[in-house]
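Here is my note on the structure you sent over. Please have the coordinates open while you read.

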Amino acid sequence: MKKKFDINICYRKVFETVSSECNIQKIIDMIADYTGVSFVIVDIGGKVLAVSAGLSDNNPVSKEEADRHDTIISLISQCVEVKETGEKASSLHLKAEEKYCEVNTIEVKGNTEGFCILIPEDDDLEDAPVLGQVNDIVCQALGMIFERQGVRVHYHSSTIRRMIARSLFEGEERDGLRGKEIQKMYDAYVMKPFMIAVLKLKKDHVLRLQKAGNSLIDTYPNSFVYIKDNLIFALFSDIYMEDQKAKLIYMLNDMCDNYEMVCAVSEIFDDIDLIEKKKFLVTQALRIGEKTHAEQNLHQEYDYYIQIVCSCAAPFIGNARYLEQPLNRLKQEDQVKGTEFYNTLKEYLLHGNNVSMTSKHLYIHRNTMIYRLSKINEILGVDINDPKIARQLMISIVLQEQENME
């Protein structure tokens with residue numbers, strides 16, 4: 001740290017920059033250069049947003065390495081612990097791995113949205129008060145920038161739960177946060193079994209989205225809610241009984257009515273490492289359900305499992321599907337002669353090749369059903385009652401529908 005600098009000049013430099021532009025990197029580089037310290041700026045989940053230019057000189061850690069650095073997570077965790085209990089407003093002089101740093105929260109309208117970590121060149125305790133002031137000034141400025149840029153979530157959950165929610169739903173970045181401190185948080189708060197829900201407004205309305213997120217937390221406190229890209233991702237933990245799942249589904253359905261939303265939910269699962277895959281499956285179920293069953297508010301993962309799998313394969317397989325041309329001939333026959341062979345085949349396969357069940361579903365006589373099936377066999381040139389062929393045909397039909405949907 002430079003021994004001679006004026007705290008008032010720091011204040012002026014920071015807020016002159018804030019008044020002219022919203023640039024986090026410029027602010028921390030400018031103050032780092034003036035004071036001779038370094039900064040790391042992270043968001044609510046511990047993801048590094050900016051690193052001052054001097055950091056690599058004082059501590060040989062690149063931005064990518066800093067994103068996974070246990071020291072940063074440890075400092076954040078200590079800060080959260082003190083703030084949650086002591087409501088301390090100013091910077092904290094904290095130690096991690098034999099290094100003292102100044103750490104404070106970046107707040108927007110009372111919500112913690114990130115952390116500012118000031119790293120001095122040495123551990124001179126006499127410098128701590130003035131370095132704390134510098135860090136506080138930078139935190140105030142960054143809070144203003146966060147608010148202007150919309151880097152905020154505004155739902156009333158504890159800082160720890162928000163950190164966990166973000167790390168759980170950020171996919172590959174979550175692995176970078178699995179330091180000792182984050183793992184301790186998982187162990188303390190995230191209890192299996194789990195269930196995931198994804199909710200979407202029928203019409204974009206940011207305030208309503210935030211209120212819906214608050215409602216989820218109020219109704220089921222043992223949840224982790226993350227809002228991103230106009231979607232609400234919710235992980236419900238400790239779902240150890242089927243009746244809990246039934247109550248949650250009822251609650252989500254009710255929420256969809258109240259907030260004009262659509263929702264998809266996963267099955268109950270035990271492995272925390274499946275969260276990213278379950279999030280994908282549920283998001284796909286929501287997308288497919290919106291298009292195929294637009295009258296429904298709530299969709300369940302298992303109802304669309306085949307379609308989800310086929311939606312992944314469709315772009316690669318295209319019209320190389322099994323019996324593609326014969327299936328198209330069925331459609332052409334329907335168009336030319338007004339028959340319903342294609343839909344009859346689809347429903348027959350969906351009903352497990354059961355003639356009685358399919359005829360009841362289609363409201364046709366059993367003899368009519370048998371006649372249609374004989375014509376379908378003739379046009380396709382295969383035995384549709386062969387289990388292997390039936391499976392392949394069903395997949396081809398779903399692939400074709402997914403391609404048309406896309």
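Predicted model: local features only at pLDDT ≥ 70, side-chain atom pairs only at ≥ 80, totals over all residues.

The points below go from the overall fold to single residues.

1. The protein has 406 residues, and buried residues make up 52% of them. Its secondary structure comes to 18 helices and ten strands. Among contacts with a separation of 6 or more, 64% are between residues 24 or more positions apart.

2. **Nonpolar cores.** The largest nonpolar core holds 48 residues. Ile117, Leu168, Val190 and Leu235 have the most contacts inside it. Take Val190 as an example. Setting aside residues up to four places away in sequence, Val190 touches Ile164, Leu168, Met185, Phe224, Leu235 and Ile272. There is also a second, separate core of 28 residues. Its members include Ile24, Val37, Val108 and Cys139.

3. The structure holds twelve salt bridges. One of them deserves a look. Arg166 and Asp43 meet through their side chains, with an N to O distance of 2.7 Å. The two residues are 123 residues apart and link distant parts of the chain. Arg166 sits in helix α7 (residues 159–169), and Asp43 in strand β1 (residues 38–43). Are these two residues buried or exposed? Both Arg166 and Asp43 are buried.

4. **A bridge between two helices.** Glu401 pairs with Lys346 in a salt bridge, and the closest N and O atoms are 2.7 Å apart. Glu401 belongs to helix α18 (residues 387–405) and Lys346 to helix α15 (residues 341–350), so the bridge ties together parts that are 55 residues apart in sequence. Glu401 has a relative accessible area of 28%, so it counts as partly exposed.

5. Compare the pair Glu378 and Lys375. Their side chains meet in a salt bridge at 3.9 Å, N to O. Both residues lie in helix α17 (residues 366–380), three residues apart, which is about one turn of the helix. Glu378 is exposed because its relative accessibility is 57%. Lys375, at 24%, is partly exposed.

6. **A network.** Salt bridges also join up into a network that links Arg321, Glu324 and Glu403.

7. **Gln402.** This residue is placed in helix α18. Gln402 has a relative accessible area of 1%, so it is buried. Which residues does Gln402 contact, leaving aside its neighbours within four places in sequence? They are Arg287, Ile288, Gln307, Cys310, Ser311 and Ala314.

8. **Helices α2 and α6.** The axes of α2 (residues 24–35) and α6 (residues 128–149) come within 10 Å and cross at roughly 170°. An angle over 145 degrees counts as roughly antiparallel, so α2 and α6 are roughly antiparallel to each other. From α2, the contact uses Ile24, Ile27, Ile28 and Ile31. From α6, it uses Val134, Val138, Ala141, Leu142, Ile145, Phe146 and Gln149.

9. **Helices α14 and α15.** The axes of α14 (residues 324–337) and α15 come within 7 Å, crossing at roughly 130°. The two helices are therefore oblique to each other. On the α14 side, the contact is made by Leu327, Leu330, Lys331, Glu333 and Asp334. On the α15 side, it is made by Phe341, Tyr342 and Leu345.

10. **Helices α15 and α16.** Here the axes of α15 and α16 (residues 355–362) come within 9 Å and cross at roughly 130°. That angle makes α15 oblique to α16. The crossing is right-handed. Asn343, Thr344, Glu347 and Tyr348 of α15 make the contact with Val355, Thr358, His361 and Leu362 of α16.

11. **Backbone points to check.** Lys192 and Pro193 are joined by a cis peptide bond, with omega about -5°. Pro193 is in the loop between α9 (180–189) and β6 (194–201). Asn230 is not a glycine, yet has a positive phi of about 60°. It lies in the loop between β7 (223–228) and β8 (231–237). At 40% relative accessibility, Asn230 is partly exposed. Tyr363, also not a glycine, has a positive phi of about 60°. Tyr363 is found in the loop between α16 and α17. With a relative accessible area of 78%, Tyr363 is exposed.

Note on methods. Residues numbered from 1 in each chain as written. Heavy atoms only, no water. Core = buried A, V, L, I, M, F, W, Y, C linked by side-chain atoms within 4.5 Å. Buried < 20%, exposed > 50% of the residue type's maximum accessible area, 1.4 Å probe, protein only. Contact = heavy atoms within 4.5 Å. Salt bridge = Lys/Arg side-chain N within 4 Å of Asp/Glu carboxyl O. Helix = DSSP H or I, 4+ residues; strand = E, 2+ residues; numbered from the N terminus. Axes fitted to C-alpha atoms, helices over the stretch in contact; angles between N-to-C directions. Parallel < 35°, antiparallel > 145°, perpendicular 65-115°, else oblique. Left-handed = near helix turned anticlockwise from the far one by under 90°.
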